[in-house]
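Here is a short tour of one protein model, written for someone who likes to check the geometry as they read. Have the viewer open and follow along.

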Amino acid sequence: MQSKPRWKRRFLISLAMMLIALLAMSTATFAWYIYNSAAHTTRVKMAAGTSTKLQIASSYDGEYSSSTVMEAFKGKLNPVSTNRIQLGFRKVAGFTNGSENRTNLVANLFEPAETTDYYKTSLFLRTNGEPIKVYISDIGFEDDSEINPISTAIRIGLVVHKPGLDMPVDEEYIFAINGDRNIKEPEYNTYTGKDGYVLDLTSSDTEAVVAFEPYTNEQFCEYDKNTGETELKETSLPLFTLSGSKDASGDRYTGYGESVQVDVYIWLEGCDQDCTNDLVGATLKVLSLSFAGIS
């Protein structure tokens, strides 16, 4: 029979080891902080606007003008990942212990994300003149914290439909809105993950990751609000084409053509090196999208 002091000593040693392990887990900094449910983006001021050649609305049959207020987002953003928006998003459902030279916890089980884990709304754009190519001219944002800006881990996705109501998807684009980095020496908690990798939704392997480079402001056009002039850079990326409707003779444009639906997605990219515990409670104050058209 063990003596009480020896039993007590072993119990205290075991308890201390458990506390050390828990402390190591709780102080680890890495992406996929799903167990910190306080992360949120609440009541963000959302807006979208266009250049003088375009009109925009928040619904197909809505009131078109040069600007619109996007549907409010009052939920919270939970880290998700995708390389193909049309295939959905995945989030972490489980972790395992990290091996040598890895983080303490490694994401090893993923499941489809809920629609409440990210933001989605739709915008509709139209023009009444000759065909124009439409570009992003700016994505404006304001963080609520300069120390831990959530914008460095946020992605914006644009899913463009063919002209008309309830039309099939034509193309999609994913933008990073803030290229700054907060983490100097990041640790990635997927087995094959590293900087610039996201979950591969085109793979049947739910753990698969793939190199993915989002678009940045290098793909914007340059629009002068004072003069209404739009200029292109070598890297400017056209998103889609719009045109007005012609008269019966087909000789001239006399009205607005079919609108193009653009679905807007906003999410926290869980594989981004800045998607860490430091963002718990962080939020955006403002987010705005600006479009411009050029013949």
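How many disulfides does the count come to? The count for this predicted model comes to zero disulfides. Cys-271 takes part in no disulfide, since its nearest cysteine sulfur belongs to Cys-275 and lies 8.7 Å away, while a disulfide requires two cysteine sulfur atoms within 2.5 Å. For background, a disulfide is a covalent bond that joins the sulfur atoms of two cysteines.

| Residue | Relative accessible area | Class |
|---|---|---|
| Cys-221 | 3% | buried |
| Cys-271 | 9% | buried |

Now for the sheet. Five strands make up an open sheet with antiparallel pairing, in the order S2-S6-S17-S8-S9. Strand S2 (55-57) and strand S9 (169-176) are at the edges; each has a single partner strand, so one side of each has no neighbour in the sheet. From one strand to the next, the twist averages 25°. Within this sheet, seven bridges link strand S6 (residues 119-126) to strand S17 (residues 260-268) in the antiparallel sense. If you want a spot to look at, Lys-120 has Tyr-265 in S17 as its bridge partner.

How far does the predictor trust all this? The protein has an average pLDDT of 83, and 80% of the residues score at least 70.

Key:
Residues numbered from 1 in each chain as written. Predicted model: local features only at pLDDT ≥ 70, side-chain atom pairs only at ≥ 80, totals over all residues. Heavy atoms only, no water. Pairing = 2+ DSSP bridges. Helix = DSSP H or I, 4+ residues; strand = E, 2+ residues; numbered from the N terminus. Axes fitted to C-alpha atoms, helices over the stretch in contact; angles between N-to-C directions. Buried < 20%, exposed > 50% of the residue type's maximum accessible area, 1.4 Å probe, protein only. pLDDT = per-residue confidence, 0-100.
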